[in-house]
Amino acid sequence: MPIARLYVYALHGCLCEVAFTAACNWYELRDRKLVGHTSLWALPIYSSAIFLIERLHLCLRPRCPLVVRLTVYTLLTYLWEFSTGFVLRLLGACPWDYSSFRWNVMGLVTLEYALPWALACLIAERHIIRNTLRMRLESPHHT
């Protein structure tokens, strides 16, 4: 059921973003509170991005090695982050700005995050997508 998978993907993405921003704050500011943050915009962005990666995974897995798949997923992630950020910026609602990073593109993406994005894609393929595709929702009416 795609709607259930979109829900799981949205929650997973937001949880990872909160954990990532908390870890960054701890590293950069030594903030032991581990306060992370995200935006409500992240819910549809992550759910649709991971759903697209799921579709790619099902097409690429039989014929492409892992390194090729991760490269494709990471490029898709950058394209998705840039595209959604561009639209949100037009609406005055983009919650991120990478302008302070050396290798940023219009402040919407940064190449410094290539390794974390590739790792996130690996986790998505190997754990989140694989297990979510196995999910079965039972009818509320048990016989």
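Over the ring of which residue does the charged end of Arg30 sit, 5.7 Å from its centre? That residue is Tyr27. The model is a predicted one. The protein has 4 helices and 2 strands, and along the sequence they follow the pattern α-α-α-β-β-α.

**Overall build**

- The protein has 143 residues, and 34% of them count as buried.
- Its C-alpha atoms fill a box of roughly 55 × 35 × 35 Å along the principal axes.
- Take the contacts between residues at least 6 apart in sequence: 58% of them join residues at least 24 apart.

- Arg30 is placed in the loop between helix 1 and helix 2.
- Arg30 is exposed, as its relative accessible area is 53% and the cut-off for exposed is over 50%.
- The charged end of Arg30 sits over the ring of Tyr27.
- Arg30 also lies over the face of Trp26, at 5.4 Å from the ring centre.
- The backbone of Arg30 has a phi near 55°, a positive value in a residue other than glycine.
- Most residues other than glycine have a negative phi.

**Aromatic pairs**

- A pair of aromatic rings is described by the distance of the centres and the angle of the planes.
- The count comes to 5 aromatic pairs.
- Tyr98 and Phe101 have ring centres 5.6 Å apart and planes at 85°, so this pair is edge-to-face. The angle cut-off for that class is over 60 degrees.
- Tyr98 also pairs with Tyr113, again edge-to-face, at 5.4 Å centre to centre and 85° between the planes.
- The Tyr98 and Tyr113 pair links distant parts of the chain, 15 residues apart. Tyr98 is in the loop between helix 3 (66-90) and strand 1 (104-105). Tyr113 is in the loop between strand 2 (109-110) and helix 4 (114-133).
- Phe20, Tyr98, Phe101 and Tyr113 form one aromatic cluster.
- Is Tyr98 buried or exposed? Tyr98 has 11% relative accessibility, so it counts as buried.
- Tyr113 is buried as well.
- Phe101 is partly exposed, with a relative accessible area of 23%.

**Largest pocket**

- Rolling a probe the size of a water molecule over the atoms shows where empty space is left.
- The largest pocket holds about 1,000 Å³ of space.
- How many residues line the largest pocket? The lining has 36 residues.
- Glu17, Phe20, Tyr46, Tyr98 and Trp117 lie nearest the pocket centre.
- Helix 1 (2-29), helix 2 (42-60), helix 3 and helix 4 each give two or more residues to the lining.
- Helix 1 gives the most, with 9 residues.
- By class, the lining has 23 nonpolar, 9 polar and 4 charged residues.

**Thr110**

- Thr110 is in strand 2.
- Thr110 counts as buried because its relative accessibility is 1%, against a cut-off of under 20%.
- Beyond its neighbours within four places in sequence, Thr110 is in contact with Tyr78, Tyr98, Phe101, Trp103 and Asn104.
- Thr110 and Ala93 are 17 residues apart along the chain, and their C-alpha atoms are separated by 19 Å.

**Met106**

- Met106 is in the loop between strand 1 and strand 2.
- Its relative accessibility is 45%, so Met106 counts as partly exposed.
- Phi of Met106 is near 55°, a positive value in a residue other than glycine.

**Arg69**

- Where is Arg69 placed? Arg69 is in helix 3.
- Arg69 counts as buried, as its relative accessibility is 7%.
- Not counting residues up to four places away in sequence, Arg69 touches His57, Leu60, Arg61, Cys64, Glu125 and Arg126.
- Arg69 and Cys121 are 52 residues apart along the chain, yet their C-alpha atoms are separated by 9.1 Å.

Definitions and conventions
Residues are numbered from 1 along each chain as its sequence is written. This is a predicted model: local features need pLDDT of at least 70, side-chain atom pairs count only at pLDDT 80 or more; totals for chains, interfaces and linings use all residues. Side-chain values use heavy atoms; hydrogens and water are left out. Rings of Phe, Tyr and Trp (its six-membered ring) pair if their centres lie within 6.5 Å; planes under 30 degrees apart count as stacked, over 60 as edge-to-face and the rest as tilted. Buried means under 20% relative accessible area, exposed over 50%, partly exposed in between (1.4 Å probe, protein chains only). A charge sits over a ring if NZ of Lys or CZ of Arg is within 6 Å of the ring centre and within 35 degrees of the ring normal. On a 1 Å grid over the protein atoms alone, a cavity is a set of points where a 1.4 Å probe fits but cannot get out, and a pocket is an open set with protein on both sides within 12 Å along at least five of seven lines; lining residues have an atom within 4 Å of a point. Grid points are joined across faces, edges and corners, and a volume is the space filled by probe spheres set on the points. Ala, Val, Leu, Ile, Met, Phe, Trp, Tyr, Cys and Pro count as nonpolar, Asp, Glu, Lys and Arg as charged, and the others, Gly among them, as polar. Contact means heavy atoms within 4.5 Å.
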